[in-house]
Amino acid sequence: MGSREMIVHNENETLRVEAWGRGLRVRSTILPYFPEEDWALDTKVDEYPVSVGDDFIECEGVRCEIREGRLIFSSNGKTILEEKSYPWALHKTARYYKAINHADNFRACLSFEPQDEILHGMGQYRDSVYDLKGSVLEMAPRNSQISVPFVISSAGYGFLWNNPAIGEASFGGNVTEWRAEATKCIDYWITAADTPAEIISRYSEVVGHASPLPENLLGLWQCRLRYRTQDEVLEVAREYKRRGIKLDVIVIDFFHWDYQGDWSFDPEYWPDPQAMVDELSEMGTKVMVSVWPTIDSRSCNYKDLKEKGYLIRTDSGINAAMDFAGKMYFFDSTNPDAREFGYQILKKNYGQYGIEMFWLDEAEPEYTVTDYEHFRQYIGPVSETGNFYSRLHAKMLYDGQKKDGKSDILNLIRCVWVGSQRYGALCWSGDVESTFDEMKHQLINGINMGVAGIPWWISDTGGFYNGFVDNEQFRELLVRWYQWACFTPILRMHGDRLPHLPLLVENEDHGGGFCFAGSPNELWSYGEEVYQILTKYLNIRKDMKQYIKDIADETVRTGLPVIRAMFIEYPDDDECWKVPDQYMFGPDYLVAPVTEYKARSRRVYLPKGKWQAADTGEVITSSGEYIEAQAPLDYMPLFKKMN
């Protein structure tokens, strides 16, 4: 077999460009070796025909040429991306390294010439920017910020920054830059195709396809901060049963334990978990439990975890990394032995009751002080590897459950990275505000997460905090958010509702009773008018179950997300690259959430074709135009594609 790579030596730099799936992988280092880690590109990929010359390599329509040390990428004879050319007097290069304390890792920067393009993807950020051109994005995991460094360009290419380091992506008008705070190697992957759908397909082949979305979990998930006792859980489940509403999942949130890191029920408030699980199972309801990676030094597991080296550590000073109800240490999921150890604890303490669904909260992990360079994981300094933690945290459960023969694996997690979709990860967007502005942000987040390859994504319905149960504006927000949530992969009620309930226990600092809890957050908690609307939409989702299962299966096969950016279905319609507040729910339904308080209509862009309005049945023939769609409180604009 002929060569499948182009290697260039430039003084102390080695540059390697090789065929990788239906695209090209580029690596550059100033070390005498390339590191072994493949990071996101760790799946086995098929080999496609490749052409290699002295100064070029081409694979599946993506061509890379090297000119005076710079890489220039083209497709169909058109330049799609090229490394930055600087005037000689500036003494700058497109690939730049700076040593860190003379160690074997470096700060690195990769620069490209600006393009006339629209960019989408990159994961989740707390703003309302849809077209990322002009944005500067921190690549670091935080509560409600999720970096998934893949973008699709309207110029016809997809680009993956294959580096889990803390860093920054800048899509400026004069330069595009990718920066890593600590790395041994610049590493990226690029592909090009005629449509975004084909780009997503190629991307999915090299980073891995999503694990299936279980059919028996597509109904209602009930959650709130927080059910404090097993009696509270059963009272809620029984009331749903009395009302004839089936719960697919009920979620038991944090501090059902005694100390953080115990990973077990506090027997004072959960005296008979088996009886609880059995009764819920008879109702057809699964139990999910919240498991934090925070470890209290008073936890029954702390001594073993510390002695075995299964905790994230600091390079100096004490190892405590979070201050929440005391000084906490973080479980190190990047250590394969720690993952096996942790899974066995979960299997013993919850699996014995038949509980097989877990909520991996705090999975960034959430350092109270985000001095990433101060912390060190098993696989390396957090500044060099920090974005990889959440993926391995999900892998801990997935690998253990697969080994135990479980097939329908889905666990909730607050942070992900490229490839997390392979490990039964249902990502939710974290602790976000209960405001209409935040809902707008979350809508954009859901679309961009899908573009970035994370299809199983949801947000807390109604937002997480500052939602007063009796507030009129919040009740309307909840309705509008819930209507939208019915057209996401999973429908889940959650939030820290105000006012908080009185503490069960005063003057204690541990146990299931001492921590705060929000007001009830069930479908009937907001009055009869709201209840009728929520149950109406629950029935709509129930009627669409087969369609949802079909598009979820399509996602697993092709990588195309369920929350689908308009331009994926309509790549030749320029407006579909720009409209930020609507999307396709699979190939057939156009979803237009209402994100303004007291709005009773909204503008909707209908691409060229025939569309049937879900409320009236009216068929609208569009030439590619905006309409004003009616949106009374009990209706969210929804259109079915007719051709």
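Here is a chat about some strands in a predicted model.

Colleague: What should I know before I start?
Modeller: It's a predicted model, so to speak: local features need pLDDT of at least 70, side-chain atom pairs count only at pLDDT 80 or more, and totals for chains, interfaces and linings use all residues. Residues are numbered from 1 along each chain as its sequence is written, and side-chain values use heavy atoms, with hydrogens and water left out.

Colleague: Okay, strand S7: why is it largely enclosed by the rest of the structure?
Modeller: Because 6 of the 6 residues in S7 (residues 70–75) are buried. Buried means under 20% relative accessible area, with a 1.4 Å probe and protein chains only. Strands are DSSP runs of E, at least two residues, numbered from the N terminus.

Colleague: Which residues point which way from S7?
Modeller: Arg 70, Ile 72 and Ser 74 go one way, while Leu 71, Phe 73 and Ser 75 go the other. In a regular strand, side chains alternate between the two faces of the sheet.

Colleague: How many bridges join S6 to S7?
Modeller: 5, and they run antiparallel. Two strands pair if DSSP finds at least two bridges between them. Ile 66 has Leu 71 in S7 as its bridge partner. The two strands form a hairpin with 2 residues between them, and Glu 68 in the turn has a positive phi of about 50°.

Colleague: And what about S7 and S8?
Modeller: 4 bridges, antiparallel again, with Phe 73 opposite Leu 81 in S8.

Colleague: New topic: what's the strand order in the open sheet of 6 strands?
Modeller: S34-S35-S36-S41-S38-S39, with antiparallel pairing. The edge strands are S34 (563–564) and S39 (619–622), each pairing on one side only.

How values were computed:
Buried < 20%, exposed > 50% of the residue type's maximum accessible area, 1.4 Å probe, protein only.
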